[in-house]
Amino acid sequence: MASRVMYRNVASVPFSSKASSIRNEAIPAHLSMFHSSLQCKFRLSSCMKKRHRLIIAATESGEGDISQPISTEKEVKHGTVPSSLYGLNKASNDYATWDTLTGQMAGSATFAFLLFQVPQISLNFQNLTKGNAAALFAVPWMGQLVCLLGNLSLLSYFAKKREVGAMIVQAVGVVTTSVVLLQLTLAGSMPSLVFIATAVAVGFGLILNFLNYNKLLSPQIWYLWEDVITVGGLAVLPQVMWSTFDTILPPSLVPGIGSTVVALSLVILRRLKKLSPDITSILSSVSAWTATLLFMWGPVAQIWTNYINPANIRGLSVSTILLAMIGNGLMLPRALFTRDLMWFTGASWGTLLQGWAILVTMYMNKCIPKPLFWGAGVGLAFWLGMMLATDAKVYSLSSPLSPLRELFFGRIPAKSD
């Protein structure tokens, strides 16, 4: 039977006697319905001056021995090994540098998200104190609610992956969006009972994530929480999507009730171990992808509100929209570098839809000046181009679009000559 190749921790691999120390860090595996990959990143120490072959491929036999040496740039370019494992000579330095920079950029996104809702909160406060509660109806509470639930679910996802920077971003999003929802409730836009239920869920979610990250929570409780956010996300998303277009669709609870029944059935069957391994694997990633879709629906609801009520657009804060675009844009390079499809999907949607697309609707209604609009557009285009070109360079890929191909379809080996 043909052996299957898997990648092992390079720490156990022998090196030549003249090799200096090598530091290896493993990027956590991400299992989803769309993408499954295991990537490793290697850094060569500064004293490594000679070319060495790294034994990084293993044959998964009964013992899983490590046996096959690979190293050359030609092997990488022809798809013999994944480009993510190419860490030699000049490419290794570029890889390590971009690895560090993308991590720092993702961390700096925290500052953008710390201020993200502040302009909107300030504007809402001014309108409330002036008795202009109607201005707050420019902010759809359903859009804010799905963003909050998305942040809460993604907080659990990143807590499990122990991505501290991303965790902080999601936690900040949960708290600040909760403040906006409180203001919308005071204005009469959001039903009080819905806000109370949301506040309770947020409180439990923050506490459980904190305890789980610090390893103070039993696995059984955490698994129960994951089931709750899976069912909750699948129940809320279809209902909110339907209700967003309530001006053209008849009122109905069928989407929410139907999706709740399906989600509960799947979770119960998984607990009883009645699902096939493939369905179980897919269901394990559903909560994270549902969280991303919840987060993605927020700007859709806002754009629709702007379309049907253009007179209320001035109730939006352009600073909040710009900060959303900047914060998500800063996380894009890291999401692409780690080939995390779910993270990249959410961050790119936040950059292009929650940021740029909403700016387009504001520009069309003459709510922002032309220099600001075009300046933001040119800056965004330059940033995306730089990200793709740099990622392709550090992975020794032939085209700036190749990183996207790897992200969505995995490494496609080139045909042998």
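Trainee: Why is Phe111 called exposed?
Mentor: Phe111 has a relative accessibility of 58%, and exposed means over 50% relative accessible area, buried under 20%, and partly exposed in between, with a 1.4 Å probe and protein chains only; Phe111 therefore counts as exposed. The model is predicted, so to speak of local features we need pLDDT of at least 70, while side-chain atom pairs count only at pLDDT 80 or more, and totals for chains, interfaces and linings use all residues. Residues are numbered from 1 along each chain as its sequence is written, and side-chain values use heavy atoms, with hydrogens and water left out.

Trainee: What makes the nonpolar surface patch, and which helix gives the most to it?
Mentor: Phe111, Leu114, Leu115 and Val118 make a nonpolar surface patch of about 390 Å², the area coming from the Shrake-Rupley method with a 1.4 Å probe and only the protein chains shown counting as cover for residues. Helix H2 (residues 89-116), in which Phe111 is found, gives the most, with 3 residues; helices (H or I, at least four residues) and strands (E, at least two) are DSSP runs, numbered from the N terminus.

Trainee: Is Gln183 buried or exposed, and how do you know?
Mentor: Gln183, placed in helix H5 (residues 164-186), has a relative accessible area of 8% and is therefore buried. Leaving aside neighbours within four places in sequence, Gln183 is in contact (heavy atoms within 4.5 Å) with Gln120, Ile121, Asn124, Phe125, Leu128 and Leu136.

Trainee: Why can the buried residues of H13 be said to line one face of the helix?
Mentor: In helix H13 (residues 402-409) the buried residues are Ser402, Pro403, Glu406 and Leu407. Seen down the axis of H13, they fall within an arc of 145°, so they line one face of the helix; the arc is that of the directions from the helix axis to the C-beta atoms. These buried residues pack against helix H10 (318-337), helix H11 (341-364) and helix H12 (370-394), and just after H13, Gly410 takes a positive phi of about 80°.

Trainee: How much of the chain is buried?
Mentor: Buried residues make up 48% of the 417 residues, in a chain that has 13 helices and 7 strands.

Conventions
Patches are made of residues with over 30% relative accessible area and no salt bridge: like charges are joined within 9 Å, nonpolar side chains (Val, Leu, Ile, Met, Phe, Trp, Tyr) within 5 Å. A salt bridge is a side-chain nitrogen of Lys or Arg within 4 Å of a carboxyl oxygen of Asp or Glu.
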